[in-house]
Amino acid sequence: MARKSDTQTARNMVLSMLVVLLGAGFVYLFIPHDDSLDPVRPITYETELVTARRAAPYPVAAPVGLPDTWRATSVRYDARSDHGAAWHLGFMDPENEYAAVEQSDGDAARFVEKVTHGAERTERTQAVEGEEWTRYEGPKYDALVLEESGVTTVVTGTAPFDSLARLAAALETEKD
């Protein structure tokens, strides 16, 4: 036979759960939320770009003249990454595909492997603004890679090659 204190404890637990569930339901129903809103939060990156251009041992690339439909989503510069001095600038393209500019002065093969998530070098190249970029294809990201003396520049992401080429064509490396 159950003791009275045991049944009161169980009853109190059930009542507590009902109060919590009612509170959660209230919050869900009456706090505005719109699932149709774009979850991408655009950022500005001008300050980080100026800082990276002053600190990096190579000319840091960033796009100039991209339309507003390209939204910057992430930026960072790490002078002491596992791949040397590394610059990253991520975007969502007009079709909501991801594209990023990645640069490093470290070992090119290891860097490309990391930022492309294992994309494989192809025999194809793509001319962008008079330079031959090597195409990489992968299960997650594709990429255009330009290896120059002292720096490897990778334009990579889920975006199609025409979007990657557009981003690569907009890159400029002027010092501020």
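This is a predicted model: local features need pLDDT of at least 70, side-chain atom pairs count only at pLDDT 80 or more; totals for chains, interfaces and linings use all residues.
Let me start with strand β8 and the way its side chains are directed: Val-151, Thr-153, Val-155 and Gly-157 point one way from the strand, Thr-152, Val-154 and Thr-156 point the other way, and all of them are buried, where buried means under 20% relative accessible area, exposed means over 50%, and partly exposed lies in between, with a 1.4 Å probe and protein chains only. In a regular strand the side chains alternate between the two faces of the sheet. Seven of the seven residues of β8, which spans residues 151–157, are buried, so the strand is largely enclosed by the rest of the structure.

Residues are numbered from 1 along each chain as its sequence is written, and side-chain values use heavy atoms, with hydrogens and water left out. The helices (H or I, at least four residues) and strands (E, at least two) that I name are DSSP runs, numbered from the N terminus.

Now to the partners of β8. Strand β7, residues 142–148, is joined to β8 by seven bridges and runs antiparallel to it, with Asp-142 standing opposite Gly-157; two strands are taken to pair if DSSP finds at least two bridges between them. The hairpin of β7 and β8 has two residues between the strands, and in it Gly-150 takes a positive phi near 85°. Strand β4, residues 98–104, is also antiparallel to β8, through six bridges, and here Gln-103 is the residue opposite Thr-153.

Within β4, Ala-99 counts as buried, at 0% relative accessibility. Setting aside residues up to four places away in sequence, Ala-99 touches, among others, Trp-70, Leu-89, Phe-91, Thr-156, Gly-157, Leu-164 and Leu-167, contact being defined as heavy atoms within 4.5 Å.

Which residues touch the most other members of the largest nonpolar core? They are Tyr-45, Trp-87, Leu-89, Phe-91, Trp-133 and Leu-167, out of 32 residues in that core, a nonpolar core being a set of buried Ala, Val, Leu, Ile, Met, Phe, Trp, Tyr and Cys residues joined through side-chain atoms within 4.5 Å. At least two residues each are supplied to this core by α2, β2, β3, β4, β7, β8 and α4 (161–170), and α4 gives the most, with six residues. Apart from this core lies another, of eight residues, including Val-112, Val-115, Val-145 and Val-154.

Helix α2, residues 46–55, has Leu-49, Ala-52 and Arg-53 buried. These three cover an arc of only 100° around the axis, which puts them on the same side of α2; the arc is that of the directions from the helix axis to the C-beta atoms. Thr-47 and Arg-54, on the other side of α2, are exposed. The cover over the buried residues of α2 includes β1 (62–63), β2 (71–81), β3 (84–92) and β9 (171–172).

Of these, β2 and β3 form a hairpin with two residues between them, and they pair in the antiparallel sense over eight bridges, Tyr-77 having Trp-87 in β3 as its bridge partner. The loop between β2 and β3 holds His-83, which is buried, with a relative accessible area of 12%. Not counting residues up to four places away in sequence, His-83 touches Ser-104, Asp-105, Gly-106, Arg-110, Phe-111 and Lys-114.

In helix α3, the buried residues Ala-108, Phe-111, Val-112 and Val-115 cover an arc of only 95° around the axis, which puts them on the same side of α3. They pack against β4, β6 (131–137), β7 and β8.

Finally, the largest pocket has a volume of about 250 Å³ and is lined by 16 residues, of which Arg-76, His-88, Glu-102, Lys-114 and Val-115 lie nearest its centre. The elements giving two or more residues to its lining are β2, β3, β4 and α3 (108–115). On a 1 Å grid over the protein atoms alone, where a 1.4 Å probe is fitted, a pocket is an open set of points with protein on both sides within 12 Å along at least five of seven lines, and lining residues have an atom within 4 Å of a point; grid points are joined across faces, edges and corners, and the volume is the space filled by probe spheres set on the points.
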